[in-house]
Amino acid sequence: MKLVEGVVQKNTRLSDSYCLMDIHAPYTAQHADAGQFILLQTARYTSHPLLKMPLAVYGKTDDSITVLYRLRGKKTFCLSEKRPGGSIEVLGPLGNGFKLNGDSMISTAVLIAGGCGIASLYLLAQTLKSLHVKVILFTGAKTRDELIEIECFQSLNCIVNTATEDGSAGFKGNVVEFFAKEIPSLENFAVYASGPESMLKHIARLAKEKSFQAQLSFEAYMACGIGVCRGCAITLLSGYKLCCQKGPVFKANEVV
Ligand SMILES: Cc1cc2nc3c(=O)[nH]c(=O)nc-3n(C[C@H](O)[C@H](O)[C@H](O)COP(=O)(O)OP(=O)(O)OC[C@H]3O[C@@H](n4cnc5c(N)ncnc54)[C@H](O)[C@@H]3O)c2cc1C
Ligand code: FES
């Protein structure tokens, strides 16, 4: 982990709610693994927003990283205002990321994304594909317009299944219900998921019931991001764990 001065290369509006930013940050790019995150200082020399913002490493090249972010409040708005050539502080890579070592026996990886949780899964899909693992993505959002970056997964030759709450694209309903319906057709698989806490807890319950391995990436509210404020604690079977230090990825069988 290192604090570096990144340079914004591109900041593209994908839709009403999503943007994609490329940042020149060679150290971060060379050290980031799938499922890790960075902290970005979105405004400098002002006190608001004071806090750094955690974002997943969505993609990377040898010398740059890409982040995919959803416009929510002050920090994400400040980020959307950044122009190419501008500098931005990047701290990272942080967190544990997804573990692939124990999964050498699986033939299929099922990736489940809720909303902007998809941002934590693209680098993972690239890594799994380079290991010749079959990748099936289940991605869910409220409406068709909020389903993003599907083509990027398709161009990696992942099988892509979509769900929307209003039924405007794919399965009508919850993405985990869609996945649960498909479990009988899946063999020798492990799940990797990122999204809202309620979705991850639903997957954890299913994993216990149906006996499959799952790694879940939590997006807890973070203040310091480095284990000082204790604001990101989540409850596991073994007690409280700091999401920024011990996570953001936890095994389903650890989740309450
Ligand atoms: C490890 C980690 C990785 C993350 N990766 C990404 C990513 O790749 N892309 C991305 O878009 N976001 C990601 N997030 C969430 C992102 O950090 C927040 O959306 C961001 O900090 C919001 O800042 P803001 O000032 O724009 O909004 P705020 O003013 O802080 O919040 C605006 C509204 O959004 C809600 N909100 C804010 N943060 C969250 C959250 N974490 N979960 C649910 N609701 C929230 C608030 O309750 C509020 O209603 C990640 C979070 C963590 C902890
Ligand atoms: S965000 Fe401060 S301890 Fe985790």
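**View 1. The largest nonpolar core of the predicted model and its most connected members.** Of the 55 residues that make up the largest nonpolar core, Leu111, Leu124, Leu128, Phe153 and Tyr192 touch the most other members. Such a core is a set of buried Ala, Val, Leu, Ile, Met, Phe, Trp, Tyr and Cys residues joined through side-chain atoms within 4.5 Å, where buried means under 20% relative accessible area, exposed over 50% and partly exposed in between, with a 1.4 Å probe and protein chains only. When residues up to four places away in sequence are not counted, Phe153 touches Leu111, Ile118, Leu121, Tyr122, Ala125, Leu137, Cys158 and Val160, contact meaning heavy atoms within 4.5 Å. Another core, of 38 residues, lies apart from it and includes Leu39, Phe179, Ile234 and Leu236. The model is predicted, so that local features need pLDDT of at least 70 and side-chain atom pairs count only at pLDDT 80 or more, while totals for chains, interfaces and linings use all residues. Side-chain values use heavy atoms, with hydrogens and water left out, residues are numbered from 1 along each chain as its sequence is written, and chains are lettered from A and ligands numbered from 1 in the order in which they are written.

**View 2. The open antiparallel sheet.** Seven strands form this open sheet, in the order S4-S3-S7-S1-S2-S6-S5, and their pairing is antiparallel; two strands pair if DSSP finds at least two bridges between them. Strand S4 (53–56) and strand S5 (59–60) are the edge strands, each pairing on one side only. Strand S1 (residues 2–13) pairs with strand S2 (residues 18–24) in the antiparallel sense over six bridges, and the bridge partner of Arg13 in S2 is Cys19. Strands (E, at least two residues) and helices (H or I, at least four) are DSSP runs, numbered from the N terminus.

View 3. The peptide bond from Gly92 to Pro93 is cis, with omega near -5°, and Pro93 lies in strand S7 (residues 87–94). A cis peptide bond also joins Gly247 and Pro248, with omega about 10°, and Pro248 is found in the loop between helix H7 (243–246) and strand S16 (249–251).

View 4. Asn157, a residue other than glycine, has a positive phi near 70° and is found in the loop between helix H4 (150–154) and strand S10 (159–164); at 60% relative accessibility, Asn157 counts as exposed. Arg230, also other than glycine, has a positive phi near 65°, and its place is in the loop between strand S13 (213–217) and strand S14 (233–236). Arg230 is exposed, with a relative accessible area of 60%.
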